[in-house]
Amino acid sequence: MQASKAAAVGVKKYELSKWKYAELRDAINTSCDIELLAACREEFHRRLKVYHAWKSKNKKRNTEGPDQRVPKSITDYGRAKSAKAARGGTFSSREVAMNRQQRYFRIPFIRPGDQYKDPQGKKKGWWYAHFDGPWIARQMELHPEKQPILLVAGKDDMEMCELSLEETGLPRKRGAEILPRQFEEIWERCGGVQYLRSAIESKQARPTYATAMLQSMLK
């Protein structure tokens, strides 16, 4: 409990609202200050939430639109969580206290456009996520008769889940959490290793546990 409070205090001492995107990105990619990293990641994802909220409102469509990035159950939970936080203050980052715990999830995902083609839900897809601490590092979608969708932090931020792990409600979903090897087997089978390696080599991938592990394997 004390460690969590200390982490929250450490994060609050940084005022990042006026930092430019490039400054946040550079700090995340190069800083060795754990508390600054936590604060920068939280500010970065706060801006992503604002962007997606604006985009959704501007296009006059909700999360069930064709550009849905995550299952509706997650975004619904996230909106409720954000509303509760707005009444009780801002979220405090737990990254320092969590020590960047690695967690993996899989839940059913049928895109809105496919619901009408398959009302019985026989062609159910799957949504996979790897969270590096509070934030998503890798995301994957598998749909019947379609190419897998692979996404990595940094390169694909605009297409990925912008919510923190706590905001998604995934840890509370029965049967959603899977073992690391279950995620990695599917990731490798779908070409994830090559995709992440390409993103690293082109300097588009943001440093995460996944990039560090792959780089250590390639040495």
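Modeller: Leu165 sits in helix 7, which spans residues 165-168. Helices here are DSSP runs of H or I with at least four residues, strands are runs of E with at least two, and both are numbered from the N terminus. This is a predicted model, in which local features need pLDDT of at least 70, side-chain atom pairs count only at pLDDT 80 or more, and totals for chains, interfaces and linings use all residues. Residues are numbered from 1 along each chain as its sequence is written, and side-chain values use heavy atoms, with hydrogens and water left out.

Back to Leu165. Its relative accessible area is 5%, so Leu165 is buried. Buried means under 20% relative accessible area, exposed means over 50%, and partly exposed lies in between, with a 1.4 Å probe and protein chains only. What does Leu165 touch? Leaving out residues up to four places away in sequence, Leu165 touches Arg103, Phe105, Phe131, Gly133, Pro134, Leu170 and Pro171. A contact means heavy atoms within 4.5 Å. Take Arg103 from that list. Arg103 and Leu165 are 62 residues apart along the chain, yet their C-alpha atoms are separated by 9.2 Å.

Now Trp126. This residue belongs to strand 2. Its relative accessible area is 25%, so Trp126 is partly exposed. Beyond residues up to four places away in sequence, Trp126 touches Arg106, Ile107, Pro108, Phe109, Met140, Glu141 and Leu142. Ile107 is 19 residues away from Trp126 in sequence. In space, the C-alpha atoms of that pair are 5.8 Å apart.

Strand 2, residues 125-132, also holds Asp132. The side chain of Asp132 meets that of Arg100 in a salt bridge, 2.6 Å from N to O. A salt bridge is a side-chain nitrogen of Lys or Arg within 4 Å of a carboxyl oxygen of Asp or Glu. This pair links distant parts of the chain, 32 residues apart. Arg100 lies in the loop between helix 5 (95-98) and strand 1 (102-109). Asp132 has 5% relative accessibility, so Asp132 counts as buried. Arg100 has 26%, so Arg100 counts as partly exposed.

The count of salt bridges comes to seven. Glu43 bridges to Arg46, with the closest N and O atoms 2.8 Å apart. Glu43 also bridges to Arg47, again with 2.8 Å between the closest N and O atoms. Where do Glu43 and Arg46 lie? Both are in helix 3, residues 34-58, three residues apart, about one turn of the helix. Glu43 and Arg47 are four residues apart in helix 3, so about one helical turn separates them. Glu43 is at 10% relative accessibility and therefore counts as buried. Arg46, at 39%, counts as partly exposed. Arg47, at 23%, also counts as partly exposed. Salt bridges that share partners join Glu43, Arg46 and Arg47 into one network.

Next, a helix pair. The axes of helix 9 (residues 192-201) and helix 10 (residues 209-218) come within 10 Å and cross at roughly 95°. Axes are lines fitted to C-alpha atoms, for helices over the stretch in contact, and angles run from 0 to 180 degrees between N-to-C directions. Helix 9 and helix 10 are therefore roughly perpendicular to each other; that word covers 65 to 115 degrees, while under 35 is roughly parallel, over 145 roughly antiparallel and the rest oblique. Helix 9 supplies Val193, Leu196, Arg197 and Ile200 to the contact. Helix 10 supplies Ala210, Thr211, Leu214, Gln215 and Leu218. These residues divide into six nonpolar, two polar and one charged. Nonpolar covers Ala, Val, Leu, Ile, Met, Phe, Trp, Tyr, Cys and Pro; charged covers Asp, Glu, Lys and Arg; the others, Gly among them, are polar.

Lys203 is in the loop between helix 9 and helix 10. Its phi is near 60°, a positive value in a residue other than glycine. Lys203 counts as exposed, at 76% relative accessibility. Glu145 also has a positive phi, near 65°. Glu145 lies in the loop between strand 3 (135-142) and strand 4 (149-152). At 74% relative accessibility, Glu145 counts as exposed.

Last, the whole protein. It has ten helices and five strands. Of its 219 residues, 42% count as buried. Among contacts with a separation of 6 or more, 65% are between residues 24 or more positions apart.
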